[in-house]
Amino acid sequence: MTFQQHLRSAWANADSMLCVGLDPDPSRFPSAVAGSILDFCTDIVDATADLVCAFKPQIAYFAAQGAERELEQLCTHIRDQHPQVLLILDAKRGDIGSTAEQYAAEAFDRYGAHVVTVNPYLGTDSLEPFLSWSGRGVIVLCRTSNAG
């Protein structure tokens, strides 16, 4: 299935273009929440999977907590339990050459993302390794909502 087919299918299946971002910050978890980052995010995924076309975990929130393994497990859970929903890895990676190739492998092999966000600041050289993955999508950062 091409990325465009997967995206259209996700939109149709959910009858929605809603994407849920997963930016877990344990210091902001409600006091009633007990458990790990994985438990917190999995509960959100399972509670909303029938309403969304995509989940978008932000890699920095997991990495800052040393929770890359939990991110891997969450990505596996999303793919296995909710295969109709797109998995967008919010990484905003942007580098050139062999480094960009490694970032692409991280997103698509390690985390099994259907889509990855990238930063084009270093030019098309920084995008080509991501674009070469058949059946995968790339969201290119072009405008942000932040004031700066």
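**View 1. Leucine 89 and valine 116 at the pairing of strand 3 with strand 4.** In this predicted model, leucine 89 has valine 116 of strand 4 as its bridge partner. The two strands concerned, strand 3 and strand 4, pair in the parallel sense over three bridges. Valine 116 also has a bridge partner in strand 5, namely valine 138, and the pairing of strand 4 with strand 5 is again in the parallel sense, over four bridges. Strands of a sheet pair through backbone hydrogen bonds, and the pairing can be either parallel or antiparallel.

**View 2. The side chains of strand 4.** In a regular strand the side chains alternate between the two faces of the sheet. Along strand 4, which covers residues 115-118, Val115 and Thr117 point one way, while Val116 and Val118 point the other way. Which of these four residues are buried? All of them are: Val115, Thr117, Val116 and Val118. Together with strand 3 and helix 5, strand 4 makes a β-α-β unit that is right-handed.

View 3. The five strands form an open sheet in the order 1-2-3-4-5, with parallel pairing. Strand 1 (19-22) and strand 5 (137-140) are the edge strands, each of which pairs on one side only. On average, and with direction ignored, neighbouring strands of this sheet are turned by 25 degrees against each other. Helix 4, made of residues 68-81, packs on the sheet and touches strand 1, strand 2 and strand 3 (86-93). The direction of helix 4 makes about 145 degrees with that of strand 3.

**View 4. Strand 2 between its two partners.** Strand 2 (residues 54-57) pairs with strand 1 in the parallel sense over four bridges, and strand 2 pairs with strand 3, also in the parallel sense, over two bridges. On the side of strand 3, alanine 54 stands opposite leucine 86.

View 5. How many disulfides does a search of the whole structure find? The search finds zero. The closest cysteine sulfur to that of cysteine 19 belongs to cysteine 53 and is 6.4 Å away, which is too far for a bond, because a disulfide requires the two sulfur atoms to be within 2.5 Å. Cysteine 19 has a relative accessibility of 31% and therefore counts as partly exposed, whereas cysteine 53 is buried, with a relative accessible area of 4%.

**View 6. The surroundings of cysteine 53.** Cysteine 53 has its place in the loop between helix 2 and strand 2. When residues up to four places away in sequence are not counted, the residues that cysteine 53 touches include Ala10, Trp11, Ala14 and Ser16. Val85 and Leu86 are also among the residues touched by cysteine 53. Valine 140, in contrast, is 87 residues from cysteine 53 in sequence and 19 Å from it in space, C-alpha to C-alpha.

**View 7. Phenylalanine 29 and phenylalanine 40, one of the two aromatic pairs.** The structure holds two aromatic pairs. A pair of aromatic rings is described by the distance of the centres and the angle of the planes. For phenylalanine 29 and phenylalanine 40 the ring centres are 3.9 Å apart and the planes are at 20 degrees, so this pair is stacked. Phenylalanine 29 lies in the loop between strand 1 and helix 2, and phenylalanine 40 lies in helix 2, so the pair ties together parts that are 11 residues apart in sequence. Phenylalanine 29 is buried, with a relative accessible area of 16%.

**View 8. Phenylalanine 108 and tryptophan 133, a tilted pair.** The rings of phenylalanine 108 and tryptophan 133 have centres 5.2 Å apart and planes at 45 degrees, so the pair counts as tilted. This pair links distant parts of the chain, 25 residues apart, with phenylalanine 108 in helix 5 (residues 97-110) and tryptophan 133 in the loop between helix 6 (128-131) and strand 5. Phenylalanine 108 is buried, with a relative accessible area of 2%, whereas tryptophan 133 is partly exposed, with a relative accessible area of 25%.

Technical notes: Residues are numbered from 1 along each chain as its sequence is written. This is a predicted model: local features need pLDDT of at least 70, side-chain atom pairs count only at pLDDT 80 or more; totals for chains, interfaces and linings use all residues. Side-chain values use heavy atoms; hydrogens and water are left out. Buried means under 20% relative accessible area, exposed over 50%, partly exposed in between (1.4 Å probe, protein chains only). Two strands pair if DSSP finds at least two bridges between them. Axes are lines fitted to C-alpha atoms, for helices over the stretch in contact, and angles run from 0 to 180 degrees between N-to-C directions. Contact means heavy atoms within 4.5 Å. Rings of Phe, Tyr and Trp (its six-membered ring) pair if their centres lie within 6.5 Å; planes under 30 degrees apart count as stacked, over 60 as edge-to-face and the rest as tilted. A crossover is right-handed if, with the strands pointing away from the viewer, the path from the first strand over the helix to the second runs clockwise.
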